[in-house]
Amino acid sequence: LAVPDPAHRNFARSGEITRLVRCSQTFRSSASNAAYSMAEYLSHPLAMVLAAPVLVARLGLQQFGIRMLVNAIVGTMAGLGSGFGAATIKYVSSYRGLNDPAAVQRTMRATLTINATLGTFFALLMAGGARLAVENIFTIDVAFHSASIGAIRIAGAVILARSIESVFSSGLRAFERYGVTVRLNVVMRSGAIVAAVIAALL
């Protein structure tokens, strides 16, 4: 009788384990969440790279520079509250694991209150300080001062909206619902770029 090869048995066992892992709901969910995260991080830069030549050609360097300035302001201000998003994910997921929906609700309400307050503060700060920033801080042609002031004030409203939206996105991530948040973010950000390109072409 042939003696079974231990190495062969271990290889077969590892292959069976790999197959079971790939077929498991947890693996599929984790792989899907990872794919969605990559799509979220890559979609916006890719859309910007594709849209930049059209926007520069139609708007000119001055107005395109104003757009990039506003994007930088929004990104910087939004990043100031990113810690609350991470805290929301941490505590909501913990309370979810403990099957404590009341604590989940308290966490979401607290984070929503904080983010809404911060978002309102930044929106008011940008609305009130837009003229000062354009005329004394940034180097912008006088002909574009009015447009720049309006763009910065609109950016303040965008920051407020994103501050509130980030709370619900973090809550969905805590429940491992990455697909919903990524699709929403991709549609909103890519849609804004597409709208800018269409407006520039008209």
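In the chain, among contacts (heavy atoms within 4.5 Å) between residues at least 6 apart in sequence, 73% join residues at least 24 apart. The structure is a predicted model, in which local features need pLDDT of at least 70 and side-chain atom pairs count only at pLDDT 80 or more, while totals for chains, interfaces and linings use all residues. Residues are numbered from 1 along each chain as its sequence is written, and side-chain values use heavy atoms, with hydrogens and water left out.

The chain contains 6 helices and 0 strands, where helices (H or I, at least four residues) and strands (E, at least two) are DSSP runs numbered from the N terminus. Read from the N terminus, the order of elements is α-α-α-α-α-α. The chain has 202 residues, of which 27% are classed as buried; buried denotes under 20% relative accessible area, exposed over 50%, and partly exposed the range in between (1.4 Å probe, protein chains only). The accessible surface of the chain amounts to about 12,700 Å², and carbon and sulfur atoms account for 68% of this area.

Two packed helices are described by the angle between their axes and the distance between the axes. Axes are lines fitted to C-alpha atoms, for helices over the stretch in contact, and angles run from 0 to 180 degrees between N-to-C directions. Helix α4 (residues 101-137) and helix α5 (residues 145-174) have axes that come within 8 Å and cross at roughly 170 degrees. The two helices α4 and α5 are therefore roughly antiparallel; angles under 35 degrees count as roughly parallel, over 145 as roughly antiparallel, 65 to 115 as roughly perpendicular and the rest as oblique. The contact of α4 with α5 comprises 18 nonpolar, 10 polar and 3 charged residues. In this classification, Ala, Val, Leu, Ile, Met, Phe, Trp, Tyr, Cys and Pro are nonpolar, Asp, Glu, Lys and Arg are charged, and the others, Gly among them, are polar.

Within helix α4 lies T107, which is buried at a relative accessible area of 14%. Residues up to four places away in sequence aside, T107 touches Y91, V92 and Y95.

The axes of α5 and α6 also come within 8 Å, with a crossing angle of roughly 150 degrees. Helices α5 and α6 are therefore roughly antiparallel to each other. On the α5 side the contact involves R162, E165, S169, L172 and R173, and on the α6 side Y178, V180, T181, L184, N185 and R189. By class, this contact of α5 with α6 holds 4 nonpolar, 3 polar and 4 charged residues.

Buried residues of α6 are G179, T181, V182, N185, S190, I193, A196, V197 and A200. V180, also in helix α6, counts as partly exposed at 31% relative accessibility. Between V180 and Y36, 144 residues apart in sequence, the C-alpha to C-alpha separation is 9.3 Å. A200, a residue of helix α6, counts as buried at 11% relative accessibility. Its contacts, neighbours within four places in sequence aside, are L55, R58 and L59. A200 and L55 lie 145 residues apart in sequence, with their C-alpha atoms 6.5 Å apart in space.

Technical notes. Accessible areas come from the Shrake-Rupley method with a 1.4 Å probe; for residues, only the protein chains shown count as cover.
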